[in-house]
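Hi everyone, thanks for coming.

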Amino acid sequence: VVYTQSEILQREVYLFERLDSPNREPMKHLKAICFLRPTKENVELLVQELRRPKYSVYFIYFSNVISKSDVKALAEADEQEVVAEVQEFYGDYIAVNPHVFSLNLLGCCRGRSWDPAQLTRTTQGLTALLLSLKKCPMIRYQLSSEPAKRLAECVKQVITKEYELFDFRRTEVPPLLLILDRSDDAITPLLNQWTYQAMVHELLGINNNRIDLSRVPGISKDLREVVLSAENDEFYANNMYLNFAEIGTNIKNLMEDFQRRKPKEQQKLESIADMKAFVENYPQFKKMSGTVSKHVTVVGELSRLVAERNLLEVSEVEQELACQSDHSSALQSVRRLLQSPRVSELDAARLVMLYALRYERHGSSGLPALLEELRGRGGSDRYRKLVSAVVEYGGKRVRGSDLFSPKDAVAITKQFLKGLKGIENVYTQHQPLLQETLDQLIKGKLKDSQYPYLGPSTLRDRPQDIVVFLIGGATYEEALAVFNLNRSNPGVRIVLGGTTIHNTRR
């Protein structure tokens, strides 16, 4: 995710193997660098490897804290003394963007409580993150969520037990870890997205920076899977947070720039200097050609899906459900779309879910009728069950905060003004709950009664270094909100993490 194979090759690493792949050939002339999670299975595989070493020397790096007993087991297996060093190099998480990380875990809870194995894995991921950023934080968690409290306690336990590792130079304002629960905002992962990165994940799916394009009509073989990474793709880095309309313009400019740089077909390579210039410019040209064909394909496929699934209309109604409170108009809009043959089954179910979350306690709720309508589309019962599952997961009974109705006059005015200001783009009115939460946190107004500190001490100053973690997964819309908060609050650094990164299908 963070290092390309060509970058590793430049460091003279020529062979990549998995420790668990059978029948690796012995190559005694090579040194081996092992980078592993310190799991029981990995330690066992390493023990087998060291008993019959295939390479001359081993440099072992664990991505997290390794127990003394495991080190002892490795030492006992290393009879031929091939291990040169063992180190802990904290990287036990997936760095998705410069300010976003994920643990790639799907489904971390059973009902309202942690799956024990996932709790352990999440604790390890979070503590490794803190160690790699050299932070020993104060911890706050969402009071309404039992899993958030459990995770806070587990992280605290590791910090207490490994106090020597966490003994970093004290900063004036201690860093803060804020643990939240996805069920407080089940709306955000259900909305269609209109910024590049979020849209690609919503419509095509991003998995460790890879996008599977094999289902695109008439796709060429070398574009079946492409990598989108801001680290080494300048166009993506500059466009990932822009709206779809702007990306269309930028891709046109990219194409025109590319046309200008094309080596002339009839270019006569007469002198040695001509040939030299051609050879020198060719790698950049080749790289640019790859970038152009990749983004043209991705953006082309996004626009095809938007048209085919009628997403502009669908998205407008989603935004109306998420941001406005005119029940009868919303109900009519949802009904109209449920009757349209151009709306896919997933999108129909998503609209009913949003309606159910928004108007679950409304006096004249049209939910039973909408569920019937969903069934009438030839839809399986699966989607109907999913609607009630979503309400059970993120409905009013569960939520610790008020997702929809602003309490005070200031908030109501703010919402009204936002409505006026946001008319020019009806597709991006929605702001995730996380934005409001972090905004309050930065201003020092986040209520201790809803987000208590773990332990007796509290933060007197406004926080500057914030790690916010979402149990049950974050979204790229939230990543965008954090990106903007970081930009508009100099001196504040926020890192966002989640057990996974969601789109509607997930």
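Here, β10, β11 and β12 line up in that order as an open sheet of three strands, with antiparallel pairing. Strands are DSSP runs of E with at least two residues, helices are runs of H or I with at least four, and both are numbered from the N terminus. Two strands pair if DSSP finds at least two bridges between them. β10 (206-207) and β12 (225-227) are at the edges with a single partner strand each, so one side of each has no neighbour in the sheet. Between β11 (residues 210-212) and β12 there are three bridges, and Arg210 has Val227 as its bridge partner in β12.

A quick word on the source: this is a predicted model, where local features need pLDDT of at least 70, side-chain atom pairs count only at pLDDT 80 or more, and totals for chains, interfaces and linings use all residues. Residues are numbered from 1 along each chain as its sequence is written, and side-chain values use heavy atoms, leaving out hydrogens and water.

Now, how many disulfides are there? With a disulfide defined as a pair of cysteine sulfur atoms within 2.5 Å, the count is zero. For Cys109, the nearest cysteine sulfur belongs to Cys108, 4.1 Å away. For Cys154, the nearest is that of Cys109, at 12 Å.

Is Cys154 buried or exposed? Buried means under 20% relative accessible area, exposed over 50%, and partly exposed in between (1.4 Å probe, protein chains only). Cys154 is buried at 13%, while Cys109 is partly exposed at 28%.

Last stop: Leu15 sits in the loop between α1 (5-10) and β1 (31-36), and it is partly exposed, at 36%.
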